[in-house]
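Hi,

Here is the structure I promised to pass on. Have a look at it first, and then read my notes below.

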Amino acid sequence: MLKSALAVLLTFCAVHVALSQNAFGQNKVAPDKEASIKADLAGQIDGMKKQAQVMVDSVFSFGELGMQEFETSKYLTGVLEKEGFKIERGVAGIPTAWVASWGSGKPVISLGSDIDDIPQASQKPGVGWHDPMIEGAPGHGEGHNSGVPLNIVAAIAVKKIMEREHLKGTIRLWPGVAEEEVATKAYYVKAGLFKDVDVCLFTHVGANLGVGWGGNMNTNGLVSVEYLFKGESAHAAGAPWRGRSALDAVELMDVGWNFRREHLRLATRLHYVITNGGDQPNVVPPTASVWYYYREADYEHIMRLWEIGDNMAKAATLMTDTTYTSRLLGQAWPGHFNKAIAEAMYENIKKVGLPTWSDADQALAKGLQTELKVRVNGLPMKIMPLRAPRVATAGEDEGGFGAQNQPTGGGSDDIGDISWNVPTVVLSYPSNIPGGPGHNWANGVAMATPIAHKGVVAGAKVQALTMLDLLLHQEIIDKAWDYFNNVQTKETKYKTFIRDGDVPAIWLNKGIMEKYRPQMKTMYYDPSKYDTYLEQLGIKYPTVRAETK
Ligand SMILES: [Zn+2]
């Protein structure tokens, strides 16, 4: 009764009060009307649970590595196209990248999230121990299958409201391609994809609802550089003295860095894999290569690491009579996130709150935590506080006994580059289980289960409500740009790491996907036949070890 009365009232308002634009052409609406639109928006998203689940499960089943997200991008753009979004494919010279747009005029709200997965992280969803779907295959061991589905749910719901209420503005969605290689977002910036954007709402899977602003103690920027050495082959037993081993150069470079580690700042993270170690032992390797991630807390320190690395490579060639070239495979600025938008978003996080977890959800979480030998505390019951920034202290670069609050380093995301070009925040949403090591099968366990589905619905509500705030309150956008121009970029100016001649590393992971895709294809989720992916795989939810039940 009350509900139908509200519906009548809403229709009345839509027709007669007709939300419109003020003298400056900005969307305007009365406060009580705004509250009812917001309630309606959250209700609409609850009604899109099924759609969210189908998208999350589908992308999970595609399980594609960076630069090879062909099925994923075809599927997600297909969903958006059906909903009336205009798709531009292959943006920034990256085959799996795209931009989907709907609406017109200001504000331009940009929604992004990553789509690629992790090598060798194949894992049956809903199973609380290591149990790959396909041994050795890639899998969503970070949960990047859920972020774009979240943005799509939010975008569709907000688009409906905008149509009904005649609100102007533009919604744009895009995927973080090859985020695990931090390989594309700086190229998006370079291609001008954010030139006319007012605000970017990025989202990344986590184990709770949260948002923060400023920089952070525990994240870094990075450059990702591959060194390719060239020597001379020879019979490794018959005439080894005639050979010049490129692999020797790789190993000597690695030894150099491993000694240098003692003399690096706390914030430094430095790691490598040997991408070519030669062909077989009886042939002195004429070519060899090693791929480094150089991570640090700011642009200057990252550039310094890169310089040291180039010196290591050069020194290795002098020791081995070989030569080297290098190529930049990825880059990320350390992220800096917007205060005004984070504060607005956090109000919505408080309103939406955490999903209601079932006993089965908690049993899976606790089963996995027991298996991982980490704190067995299940899924979160309380949202995180608004994360405030790290405060830099004078003289921290020099370190020493007086230095407090030094950056301690950690992972990276190339959303950093975007955050230095347009006011940006990162919404964390609770689709994963706390306690996983990251980049691991364990972080895939929840990702096609009710935990992931509920987390996406909660996140989509926060995202959509924040979009509506931005559409209705130009003053938030003005405050965001004031922070961006007068605080964030007052002294620090963005300079890309990309050099002349560097190109997106679109060849990455091609061979691995070619090897596993035929087998993975047979396991793609078919929502026309099965309610959920768990049902298709015949997995009982939850599947945990007997003693943890
Ligand atoms: Zn990620």
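**Around strand S6**

Strand S5 (residues 108–114) and S6 run parallel and are joined by seven bridges. One of the pairs here is Val108 with Thr170 of S6. Keep in mind that this is a predicted model.

On to the other partner: strand S4 (residues 98–104) pairs with strand S6 (residues 169–176) too, but in the antiparallel sense, over five bridges. If you want to find that pairing on screen, Trp102 has Ile171 of S6 as its bridge partner, and Ala100 has Leu173. Seven of the eight residues of S6 are buried, so the strand is largely enclosed by the rest of the structure.

Now the helix. S5, H5 and S6 together make a right-handed β-α-β unit. Helix H5 (residues 147–165) is 19 residues long and reaches 27 Å from its first C-alpha to its last, close to the 27 Å expected at 1.5 Å a residue. Of its 19 residues, 16 are buried, so H5 is also largely enclosed by the rest of the structure. After H5 comes His166, which has a positive phi, near 55°.

Zooming out, these strands belong to an open sheet of six, in the order S3-S4-S6-S5-S7-S12, with mixed pairing. Its edge strands are S3 (86–89) and S12 (424–430), each of which pairs on one side only. From one strand to the next, the twist averages 20°.

Cheers

Methods
Residues are numbered from 1 along each chain as its sequence is written. This is a predicted model: local features need pLDDT of at least 70, side-chain atom pairs count only at pLDDT 80 or more; totals for chains, interfaces and linings use all residues. Two strands pair if DSSP finds at least two bridges between them. Helices (H or I, at least four residues) and strands (E, at least two) are DSSP runs, numbered from the N terminus. Axes are lines fitted to C-alpha atoms, for helices over the stretch in contact, and angles run from 0 to 180 degrees between N-to-C directions. The expected span of a helix is 1.5 Å times one less than its number of residues. A residue is buried if 20 or more other C-beta atoms lie within 10 Å of its own, exposed if 12 or fewer, and partly exposed in between; C-beta atoms are placed from the backbone. A crossover is right-handed if, with the strands pointing away from the viewer, the path from the first strand over the helix to the second runs clockwise.
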